[in-house]
Each structure stands twice: as structure tokens, then as C-alpha cells.
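In this notebook I record what I looked up in one structure.

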Amino acid sequence: MQFSILALLAVAQLVAGHGAIIKATGDAGGAGSAIGVDAATPRDGTRRNPFQQDSTRFKGENKATCGQTLGGGENDIATGTKAVMDANGGQLPQVSAGGSIDMTLHQVNGDGAGPYSCMINADGTGADWQAIDVTTQVEGTRSNNRANAMTDLPLSAAIPAGQTCTGNVAGQQNVCMVRCQNTARAGPFGGCVPVQMVAGAGAAAPAAPATKREEDLENDPAFLAELRADGEEI
């Protein structure tokens, strides 16, 4: 009986570690969070319910993309991105190629600690990931640090120079997904943050409309006569 109780306590401790990316902003502005985050979740405790309910764990059928939460189940990128926008005034973090994303990680308890690794997905699907540099790291040894339980901590990553974002997600264009995670045995824990590339910085810009001068020339008989004299086909 004593062995069974100790075993149960060990398992309970193992599955109790979590961290959630509760805020994010890009070098070009905007605001957001990881998908699956619920702003109503209290941040002053460590128990499974309610404090761990919106922490992403990269397990389940979506472990290769954006994982799952206890409260919401499997993280769906489109639904989750729309929820992030709804919670942040209709916006996403705005990033530029060669810029950065600055995040706030809420470490629920010991196993939500660092170090964290981050990666980026260019088409907004989470189907494949490229590693990116973490520039502000979360403290921890092998994803454990009890001293920072119930603490908001900075976590930043660099957006690569030349990065493009081509995703169309939740009605938004030029979307990438940024995924950060630790290596906790019960995890990995972390989250997927949808970001939007600002126009002209790795985003596809719309073609410029014809100017008034161009339109005038196209209808100018003298200009058209010159083109014909030069052998142009009109």
C-alpha cells in the first residue's frame, strides 16, 4: 500500500509541470499569445485545476504541430489564431525579417522551466519547422526550476533575416507560427504563437495600381503614334 501511494505521488508530480506563453509582441508591434491560452486562467497557483488548464503540451495527435491543452483539447491553428485575435483587439504580433518576437512565459511550476528552444513555420500550418535563435532564455536545468514557479518570465527569439510568412490563417495573410518548448519529461511544454509579417519585410506585397500619368499616356494619340513609329505593337 505504501509503495502504491508513493508511486501515485510520483506520477502526480510528473504530470504537474507546465508553462504557458501568455503574451507576445513583435519587433513591429502588435500583440498576441500562444494559441489555447485563456486569459481567465488564474496565475497564482500550481495545481492541475485551474492553473494548468491552458498550458500547451506537445503530445497527442497534434504533437508535431501545436499540441494540446487540458482545458481545450487539441490545439487547432485556425480556431486558436482567431481566439488570439479576439483577445487582442483583432491583431497579431507583427514581425519583420531579421526582427524578433518577445514573449512572456508564465511558469506554472517546476517542470515549466527552461531552457526553451524555438522554431518557425513559414506557411502557418505547423507542418514543418525551422530552428530559430533564442535570444532571451528562461532559467532552468533540464526544464526544472522550482524557484520560478508561478512567475512571469521573458522569452525572446530572433526572426531570421530573409524569413517569409505565406500562411493564410483565420482570415489573415502573411502568417507564420512560432513554436517554443522545453524538454520536460511530462511535456514538452510551451506554445505556438501566430505572428504576421509586416508588408515589405518578407510578405507578399500587392501590385501597385497604374498611376494617373500611366493611364493618360495609354490614351494619348501622340504617345501611341511615337510607339508605332518605333516599331512597337499597340
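Entry 1: I began with Cys 165, which counts as buried because its relative accessibility is 2%. By the definition I used, buried means under 20% relative accessible area, exposed means over 50%, and partly exposed lies in between, with a 1.4 Å probe and protein chains only. I then looked up Cys 176, which is buried with a relative accessible area of 0%. A disulfide joins Cys 165 to Cys 176, with 2.0 Å from S to S. I note that a disulfide is counted here as a pair of cysteine sulfur atoms within 2.5 Å. In general, a disulfide is a covalent bond between the sulfur atoms of two cysteines. The torsion about the S-S bond of Cys 165 and Cys 176 is about -105°, so this disulfide is left-handed. Cys 165 lies in the loop between strand 11 (151-158) and strand 12 (167-169), and Cys 176 lies in strand 13, so the pair ties together parts that are eleven residues apart in sequence. Helices (H or I, at least four residues) and strands (E, at least two) are DSSP runs, numbered from the N terminus.

**Entry 2: the basis of the values.** I recorded that this is a predicted model, in which local features need pLDDT of at least 70 and side-chain atom pairs count only at pLDDT 80 or more, while totals for chains, interfaces and linings use all residues. Residues are numbered from 1 along each chain as its sequence is written, and side-chain values use heavy atoms, with hydrogens and water left out.

**Entry 3: the other disulfides.** How many disulfides does the structure hold? I found three. Cys 66 and Cys 192 form a disulfide with their sulfur atoms 2.3 Å apart. This pair links distant parts of the chain, 126 residues apart: Cys 66 is in the loop between strand 3 (56-57) and strand 4 (68-69), and Cys 192 is in strand 14 (residues 189-197). The torsion about the S-S bond of Cys 66 and Cys 192 is about -95°, so the disulfide is left-handed. Cys 66 and Cys 192 are both buried.

I next looked up Cys 118 and Cys 180, which are joined by a disulfide with 2.1 Å from S to S. Is their link left-handed or right-handed? With 110° about the S-S bond, the link of Cys 118 and Cys 180 is right-handed. Here too distant parts of the chain are linked, with Cys 118 in strand 8 (residues 117-121) and Cys 180 in strand 13 (residues 172-181), 62 residues apart. Both Cys 118 and Cys 180 are buried. Counting the bonded cysteines along the chain, I wrote down the pattern 1-6, 2-5, 3-4.

**Entry 4: salt bridges.** I found two salt bridges, each defined as a side-chain nitrogen of Lys or Arg within 4 Å of a carboxyl oxygen of Asp or Glu. The side chains of Asp 54 and Arg 43 meet in one of them, at 2.7 Å from N to O. Asp 54 and Arg 43 each lie in the loop between strand 2 and strand 3, so the pair ties together parts that are eleven residues apart in sequence. Asp 54 counts as buried, at 2% relative accessibility.

A salt bridge also joins the side chains of Asp 86 and Lys 82, at 3.1 Å from N to O. Asp 86 and Lys 82 both lie in helix 2 (residues 77-87), four residues apart, which is about one turn of the helix. Asp 86 counts as exposed at 56% relative accessibility, whereas Lys 82 is partly exposed with a relative accessible area of 46%.

**Entry 5: a charge over rings.** Which rings does Arg 179 lie over? Arg 179 lies over the face of Phe 58, at 3.7 Å from the ring centre. The charged end of Arg 179 also sits over the ring of Trp 129, 5.8 Å from its centre. A charge sits over a ring if NZ of Lys or CZ of Arg is within 6 Å of the ring centre and within 35 degrees of the ring normal.

**Entry 6: the backbone.** I looked up a cis peptide bond between Asn 49 and Pro 50, with omega about 15°. Pro 50 is in the loop between strand 2 (29-32) and strand 3. A cis peptide bond also joins Gly 114 and Pro 115, with omega about 0°.
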